[in-house]
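Please look over the structure below before reading on. The report that follows takes up its features one topic at a time.

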Amino acid sequence: MENRELIAKAKKAMENAYAPYSHFQVGAALLAKDGRVFTGCNVENATYGAAICAERTAVTKAVSEGAREFVKIAIVSSGGDLTPPCGICRQVLFEFMKEGQVVLWSEKEGEQVFPLLALLPLGFGSENIK
Ligand code: THU
């Protein structure tokens, strides 16, 4: 799937963002190796700390539907700039997408693609648990 198609799905998912506290809407679209696409939006909470990022919504939906291997994830937001994934989301992506690509897009900056390993070198993985 082309990056622009995945970005379009992330934009659509962003429309469902539940962000009454930050007013910062985020959408993500995750391409699985089997060709399925799982989308996600951020889901905030009155306790603030219980907020779930769009990327983790997408990963959780995917894993719960039986997909565990991913090719790339597109991320967009209402902020106007590129939206790099937070540290927790990088680590969650590392679990399932070590060789994957992170596709960021904004109206202003267009598309930028990063290997996940460039955003999270030396992530903690299953091989580190002994
Ligand atoms: N957020 C995401 O959903 N993904 C990111 O990559 C960055 C931050 C959300 C969390 C929170 O709901 C809002 O954006 C402001 O931090």
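## A glycine in a loop

Is G100 buried or exposed? With a relative accessibility of 3%, G100 counts as buried, where buried means under 20% relative accessible area, exposed means over 50%, and partly exposed lies in between, with a 1.4 Å probe and protein chains only. G100 is found in the loop between helix 3 and strand 4, and its C-alpha is 10 Å in space from that of L30, although 70 residues separate G100 and L30 in sequence. Helices (H or I, at least four residues) and strands (E, at least two) are DSSP runs, numbered from the N terminus.

## How the model is read

This is a predicted model, in which local features need pLDDT of at least 70 and side-chain atom pairs count only at pLDDT 80 or more, while totals for chains, interfaces and linings use all residues. Residues are numbered from 1 along each chain as its sequence is written, and side-chain values use heavy atoms, with hydrogens and water left out.

## Two packed helices

Two packed helices are described by the angle between their axes and the distance between the axes. Helix 2 (54-64) and helix 3 (residues 87-96) pack at an angle of about 25°, and their axes are 9 Å apart; here axes are lines fitted to C-alpha atoms, for helices over the stretch in contact, and angles run from 0 to 180 degrees between N-to-C directions. Helix 2 and helix 3 are therefore roughly parallel to each other, since angles under 35 degrees count as roughly parallel, over 145 as roughly antiparallel, 65 to 115 as roughly perpendicular and the rest as oblique.

## Salt bridges

Side chains of opposite charge can pair when their charged atoms come close. A search of the whole structure finds three salt bridges, each being a side-chain nitrogen of Lys or Arg within 4 Å of a carboxyl oxygen of Asp or Glu. One of them joins K12 to E15, with the closest N and O atoms 3.4 Å apart, and both of these residues are exposed. Another joins D34 to R36, with the closest N and O atoms 3.1 Å apart; D34 is partly exposed at 49% relative accessibility, and R36 is partly exposed at 34%.

The side chains of K108 and D81 also meet in a salt bridge, at 2.5 Å from N to O. K108 lies in the loop between strand 4 (101-106) and strand 5 (110-115), and D81 in the loop between strand 3 (70-77) and helix 3, so this pair ties together parts that are 27 residues apart in sequence. K108 counts as exposed at 61% relative accessibility, whereas D81 is partly exposed, with a relative accessible area of 37%.

## A nonpolar surface patch

Y18, Y21, V43, Y48 and I52 form a nonpolar patch on the surface, and together they have about 490 Å² of accessible area. Among them, Y48 is found in the loop between strand 2 (37-41) and helix 2, and Y48 is exposed, with a relative accessible area of 57%.

## Positive phi angles

Most residues other than glycine have a negative phi. H23, a residue other than glycine, has a positive phi near 55°; H23 sits in the loop between helix 1 (3-14) and strand 1 (26-32) and counts as exposed at 60% relative accessibility. L122 is not a glycine either, yet has a positive phi of about 60°. L122 is found in the segment after helix 4 (116-119), and at 86% relative accessibility L122 counts as exposed.

Definitions and conventions: Patch = residues over 30% accessible without salt bridge, like charges linked within 9 Å, V, L, I, M, F, W, Y side chains within 5 Å. Areas by Shrake-Rupley, 256 points an atom, 1.4 Å probe, with all protein chains shown as cover.
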